[in-house]
Amino acid sequence: LCPSCRGSLEPITGLCCRRCGIPLESGGEYCYLCRGHKGGRPGIKLVRSAFTFNPELKSLIHAFKYRGRKDLAEPLGLDMAGAYDRRPELGDYKFTLAVPLFKDKEHERGFNQSELLARVLARERKLFLLEGAVERVRNTPSQTGLSKAGRHENMKGAFRVSKPELVKGRRILIIDDVATTLATADELAKALARAGARAVAVFTLAREP
């Protein structure tokens with residue numbers, strides 16, 4: 001990345017919610033939504049992100065996903081590796097997988113941006129990338145513009161664990177580009193839990209406040 005783009009990124013290095021990973025400006029252990037829900041999200045143990053989803057990073061991710069800038073996977077993936085090192089709580093998760101795209105959508109785009117990021121992270125931090133373990137079986141409409149409840153409803157039944165032998169008994173780290181309401185990650189984590197995953201965490205490039 002050029003110095004200007006590099007300087008515009010906002011790493012999440014301060015206090016964040018122990019469960020969902022959202023930055024906490026006023027301190028504390030849990031955010032308002034997670035406070036009092038000690039059981040956590042269904043299937044998800046914890047969520048962490050490398051950067052705040054500010055306008056500059058939004059522009060980079062848009063170029064990455066929609067303008068064919070596959071070359072951005074390398075620097076952004078390396079930044080995720082650096083952020084991974086700052087979050088020792090992720091160290092127990094040695095198996096990783098990317099949120100899959102529906103086959104037609106991946107064919108249209110030419111790649112899965114989350115998978116490219118996961119490849120860089122797995123290479124740099126010696127993680128085991130579980131390729132082909134999960135597939136997206138529903139071509140869900142875009143989540144943009146949907147309410148939180150609408151996003152969760154939209155993702156119901158979207159994933160299927162096609163290789164449960166790769167999942168059973170393992171601590172798995174889900175990789176995605178952006179975390180907003182975590183509806184996508186929630187649904188994928190549920191599918192992994194049903195397939196016997198021991199624990200599931202989520203690590204994303206960006207976190208939308």
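Predicted model: local features only at pLDDT ≥ 70, side-chain atom pairs only at ≥ 80, totals over all residues.
**Ground rules.** I number residues from 1 along each chain as its sequence is written, and I work with heavy atoms for side-chain values, with hydrogens and water left out.

**Count.** I looked for salt bridges, meaning a side-chain nitrogen of Lys or Arg within 4 Å of a carboxyl oxygen of Asp or Glu, and the count came to eleven.

**Arg48 and Glu89.** I found these two side chains joined in a salt bridge at 2.7 Å, N to O. The pair links distant parts of the chain, 41 residues apart, with Arg48 in strand β1 (residues 46-52) and Glu89 in the loop between α3 (73-85) and β2 (95-98); helices (H or I, at least four residues) and strands (E, at least two) are DSSP runs, numbered from the N terminus. I noted Arg48 as buried at 6% relative accessibility and Glu89 as partly exposed at 27%, where buried means under 20% relative accessible area, exposed over 50%, and partly exposed in between (1.4 Å probe, protein chains only).

**Arg119 and Glu115.** I recorded a salt bridge of 2.9 Å, N to O, between these side chains. Both residues lie in helix α5 (residues 113-125), and because they are four residues apart, about one helical turn separates them. Arg119 is partly exposed at 38%, and Glu115 is partly exposed at 23%.

**Network.** I also noted that salt bridges link Glu74, Arg123 and Glu124 in a network.
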